[in-house]
Amino acid sequence: MKKFMKFCAIMAAILVVLGAALAFTAGRFRGREVVSDIVDSVTGGRVHVNWSGWNIPWGVTFHDDWHFDLNTSNVYDKDYEIYRGDVTDFDIDGKFDQLDIELGGYIFETAVSPDNSFYLTTSNVDKFQCYVKKGVLHLTAVNSGVNISLGNITDRKITLYIPEEALLSKVELELGAGQVVIDDLSAAVVSLEVGAGQIQARNIQTGKLEISVGAGQVELPGMKVDELKVEIGMGELVGSGSIDKSADLECSMGNLELTLTGSQKDFNYQLEVAAGNLDLGSNSYSGLATKQKILSPTAVKTMDIECSMGNVTISFEE
């Protein structure tokens with residue numbers, strides 16, 4: 001499901017990019033080169049436009065293996081029991097320090113456990129799995145049969161209760177469609193992937209935060225991270241907080257907005273704008289095939305920004 005949403009976003013980006021770029025660059029000497037650069041940038045080098053001559057039709061070459069499986073039945077592990085319906089105080093047995101969560105078609109939220117233990121409650125859930133394997137808590141609840149929108153899944157809910165003092169080394173959460181609300185999550189590594197749903201993650205504290213957005217939305221107020229890596233297809237990410245070491249930001253056709261504590265001069269920058277718009281503090285960059293490196297003598301952090309056809313806005317609050 002995640003791969004399919006990502007594929008749709010990428011293909012839409014390719015078609016729009018080609019149309020806009022071809023129209024804009026028609027008759028220009030470097031037109032073909034600019035179009036190729038833009039498509040390469042949008043797809044991360046996986047797709048390349050082939051030109052056999054200025055007046056000869058072009059083609060497209062796909063690189064890497066892109067496979068997409070729409071059958072959600074294989075997301076469940078046949079070795080573990082599948083539960084259904086309404087469950088109150090589902091106890092989680094076993095020792096673990098990692099969470100692996102895969103969701104689709106539900107509202108998922110976290111809450112502070114009142115008794116210092118991990119457990120679940122569910123409401124109107126068609127089926128889910130929850131088990132511990134090799135130090136990882138696996139939670140899977142994917143419903144491909146429901147017409148998913150926030151309006152018609154309000155009664156389909158899963159709540160994971162987490163102890164306030166829990167020490168987690170890694171949290172991986174994948175949302176195909178639906179809604180996720182996370183509060184005060186702390187882990188060494190956090191990975192969030194969303195296809196077409198919404199994730200609200202307030203006050204995340206982590207050494208490394210990785211986010212992939214297909215056509216969905218992510219909100220990150222109050223984040224405190226060492227390293228941030230973001231990839232956006234056609235979706236949106238809006239966040240605020242602090243980045244202590246580095247940021248690697250890629251935006252194809254979506255929208256990325258970050259409000260960071262500190263100064264613009266805290267970072268050294270590597271910027272690349274294909275055909276989008278980048279607002280970095282008091283500076284703006286737009287146009288075709290713009291690349292720039294900005295160094296500050298007082299900078300101790302780094303930020304790489306790649307904007308293909310989307311919009312990126314980075315602002316600072318000292």
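Predicted model: local features only at pLDDT ≥ 70, side-chain atom pairs only at ≥ 80, totals over all residues.
**Strand pairing, charged contacts and loop residues**

Val 180 stands opposite Ile 199 of strand S12. Strand S10 covers residues 178-183, and S12 covers residues 198-202. The two strands run in the parallel sense and are joined over five bridges. S10 also pairs with strand S5, which is formed by residues 106-112. This second pairing is again parallel, and it extends over four bridges. Within it, Tyr 106 has Gly 178 of S10 as its bridge partner. S10 is mostly covered, since five of its six residues are buried. In general, the side chains of a regular strand alternate between the two faces of the sheet.

Asp 184 is located in the loop between S10 and strand S11, the latter spanning residues 186-194. The phi angle of Asp 184 is near 55 degrees, a positive value in a residue that is not glycine. Asp 184 has a relative accessible area of 55% and is therefore classed as exposed, the cut-off for this class being over 50%. Asn 203 occupies the loop that connects S12 with strand S13, residues 205-213. Asn 203 likewise has a positive phi, of about 60 degrees, without being a glycine. The relative accessible area of Asn 203 is 36%, so this residue is classed as partly exposed.

An antiparallel arrangement is found for strands S18 and S19, which comprise residues 277-280 and 283-286 respectively. Four bridges connect these two strands. In one of the pairings, Asp 279 has Ser 284 of S19 as its bridge partner. S18 and S19 form a hairpin with two residues between the strands. In this hairpin, Gly 281 adopts a positive phi near 60 degrees.

Charged side chains were examined next. Side chains of opposite charge can pair when their charged atoms come close. The structure contains nine salt bridges, among them the contact between Lys 224 and Asp 244, in which the closest N and O atoms are 3.7 Å apart. This pair links distant parts of the chain: Lys 224 belongs to strand S14 (residues 217-232), whereas Asp 244 belongs to strand S15 (residues 236-251), and the two residues are 20 residues apart. With a relative accessibility of 42%, Lys 224 is partly exposed. Asp 244 is also partly exposed, its relative accessible area being 32%.

A further salt bridge joins Glu 231 to Lys 229, with 3.9 Å between the closest N and O atoms. Through salt bridges that share partners, Lys 229, Glu 231 and Asp 248 are connected into one network. Glu 231 has a relative accessible area of 28% and counts as partly exposed. For Lys 229 the value is 28%, which places this residue in the partly exposed class. Another of the salt bridges is formed by Glu 210 and Lys 208, whose closest N and O atoms lie 3.3 Å from each other. Glu 210 is partly exposed at 27% relative accessibility, and Lys 208 is partly exposed at 32%.

Charge is also gathered on the surface in another form. Asp 89, Asp 91, Asp 93 and Asp 115 make up a patch of negative charge there. At 44% relative accessibility, Asp 89 is classed as partly exposed.

The loop between S3 and strand S4, the latter formed by residues 98-104, contains Phe 96. Phe 96 has a relative accessibility of 16% and therefore counts as buried, given that this class lies under 20%. Phe 96 and Lys 133 are separated by 37 residues in sequence, while their C-alpha atoms are 8.1 Å apart in space.

Terms used. Residues numbered from 1 in each chain as written. Heavy atoms only, no water. Patch = residues over 30% accessible without salt bridge, like charges linked within 9 Å, V, L, I, M, F, W, Y side chains within 5 Å. Areas by Shrake-Rupley, 256 points an atom, 1.4 Å probe, with all protein chains shown as cover. Salt bridge = Lys/Arg side-chain N within 4 Å of Asp/Glu carboxyl O. Lys, Arg positive; Asp, Glu negative; His and termini not counted. Charge placed at Lys NZ, Arg CZ, Asp CG, Glu CD. Buried < 20%, exposed > 50% of the residue type's maximum accessible area, 1.4 Å probe, protein only. Pairing = 2+ DSSP bridges.
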